[in-house]
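Please look over the sequence and the structure before reading on.

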Amino acid sequence: MFELAPYAVSMVNSRGRRHADKSPSHRSEFQRDRDRIVHSTAFRRLEYKTQVFVNHEGDLFRTRLTHTLEVAQIARGIARALHLNEDLAEAISLAHDLGHTPFGHAGQDALNECMRGQGGFEHNLQSLRIVDLLEERYAAFDGLNLCFETREGIVKHCSLENARQLGELGERFINRTQPSLEAQICNFADEIAYNNHDVDDGLRSGLISLEQLEEVTLFACHSADVRAAYPGLGGRRLVHETIRRIINVLVCDMIETTAGNIARQRPKDLAETRLGRPLVAFSDELREAQREMKRFLHKNLYQHFQVLRMTSKAGRIVSDLFSAFVSDPRMLPPQYQEAGDQSRRIADYIAGMTDRYAIKEHRRMFSVGEI
Ligand code: MG
């Protein structure tokens, strides 16, 4: 029987939900959180939102949905190996990108700029806003009414100014304590997933080449292993064999390093894992190797001129829409015209759009040929 470590988040030490809710009969509270997330509207929209490549650029590139599933799969494996709460790790992973705007970071940067002076826009906080407020599925409360630990895991980073407005969820940023180990794992799983799938998608798109990647230590040493084991292997199989080895080595390193940190610190309960330095970590060697990979992707993929053209266009779509709605909020769908902070409602509306919906909406608003 699978046993949770005493410092894992559990139904016994959980800080519970904001609104009282009957306990589920055949699932744990965290399984219920996971199920609520999967049934949400924001979750389904992930399928049509950009990770790096705009959704319609090709059928084989990652979308936010497939990225999210990869993160969940990696996080669950690590949580289980460390006797932590796998259901919680899964719930956090599935929710971690719900607040992303259309067009990935380009969309977020544009929306943040539009919201400057009005609280800005940050996808982490938007994910929380979705699960706490914006989803309309339950009769008794707004949002999904998730457990504290799931919500805590969603807010990966946060400015001090925003933390002060988050109540108990903001405390850890002010007091500089750590989130649960399960939440820490999800952050690393996110990083492992995107670095590796961006290499894969980057190669598939032709924007980066195998030759370029051979300059990156992590890639070079594993592709050399593959070539030694399978002389003459090339093409997609070489790429996939290399990437799966890299993911495996990162996951194993993280499990071992974290297990070592836990053995040294010996936290006796959940509260003790929150103090001091984060226990979930890579070894120094792999942390540096990951950084090198990130630098490579930043320089050669995210800053590639073709990607920049896409991000610049995406930014324009978002800011055009925002300005049009600010200049005349009557053009918004009625449910977004409610009294209150109008610019925040506009940000909610735009952030909720999928890539293709935003493109279509932009065409409807600005193309004279189409009314
Ligand atoms: Mg992510």
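## Basis of the model

The model is predicted: local features need pLDDT of at least 70, side-chain atom pairs count only at pLDDT 80 or more, and totals for chains, interfaces and linings use all residues. Residues are numbered from 1 along each chain as its sequence is written, and side-chain values use heavy atoms, with hydrogens and water left out.

## The magnesium site

The magnesium ion has protein donors in His67 (NE2), His96 (NE2), Asp97 (OD) and Asp190 (OD), which lie 2.1 to 2.6 Å from the ion. Donors are N, O and S atoms within 2.8 Å of the metal (3.2 Å for Na, K and Ca); water is not among the atoms, so sites may look incomplete. Along the chain, the donors of the magnesium ion follow the spacing H-x28-H-D-x92-D.

Histidine 67 and aspartate 97 link distant parts of the chain, 30 residues apart: histidine 67 belongs to helix H3 (residues 64–81), and aspartate 97 to the loop between helix H4 (86–95) and helix H5 (104–114). Helices are DSSP runs of H or I with at least four residues, numbered from the N terminus. Both histidine 67 and aspartate 97 are buried, where buried means under 20% relative accessible area, exposed over 50%, and partly exposed in between (1.4 Å probe, protein chains only).

## Helix H12

Helix H12 covers residues 217–229; at 1.5 Å a residue, its 13 residues should span 18 Å, and the end C-alpha atoms are 18 Å apart, which agrees. The expected span is 1.5 Å times one less than the number of residues in the helix.

The buried residues in H12 are Leu218, Phe219, His222, Ser223 and Val226. Seen down the axis of H12, the buried residues fall within an arc of 110°, so they line one face of the helix; the arc is that of the directions from the helix axis to the C-beta atoms. These buried residues of H12 pack against helix H10 (181–205), helix H11 (210–213), helix H13 (235–265) and helix H15 (284–302).

## Salt bridges

The structure holds 34 salt bridges, each being a side-chain nitrogen of Lys or Arg within 4 Å of a carboxyl oxygen of Asp or Glu. One of them joins the side chains of aspartate 21 and arginine 36 (3.0 Å, N to O). Aspartate 21 lies in the segment before helix H1 (29–38) and arginine 36 within helix H1, so this pair ties together parts that are 15 residues apart in sequence. Aspartate 21 counts as partly exposed because its relative accessibility is 27%, whereas arginine 36, at 9%, counts as buried.

Glutamate 113 and arginine 116 also meet through their side chains in a salt bridge (2.9 Å, N to O). Here glutamate 113 is partly exposed at 47% relative accessibility, and arginine 116 is exposed at 58%. Between glutamate 288 and arginine 295, the closest N and O atoms of the salt bridge are 3.4 Å apart. Separately, salt bridges that share partners join Arg27, Arg34, Asp35, Arg76, Arg80, Glu86 and Glu90 into one network.

## Leucine 181

Leucine 181 is placed in helix H10 and, at 1% relative accessibility, counts as buried. Leaving aside neighbours within four places in sequence, leucine 181 is in contact (heavy atoms within 4.5 Å) with Tyr7, Leu84, Ile262, Thr273, Leu279 and Val280. The C-alpha atoms of leucine 181 and aspartate 341 are separated by 36 Å, the two residues being 160 residues apart along the chain.

Notes: Helices (H or I, at least four residues) and strands (E, at least two) are DSSP runs, numbered from the N terminus.
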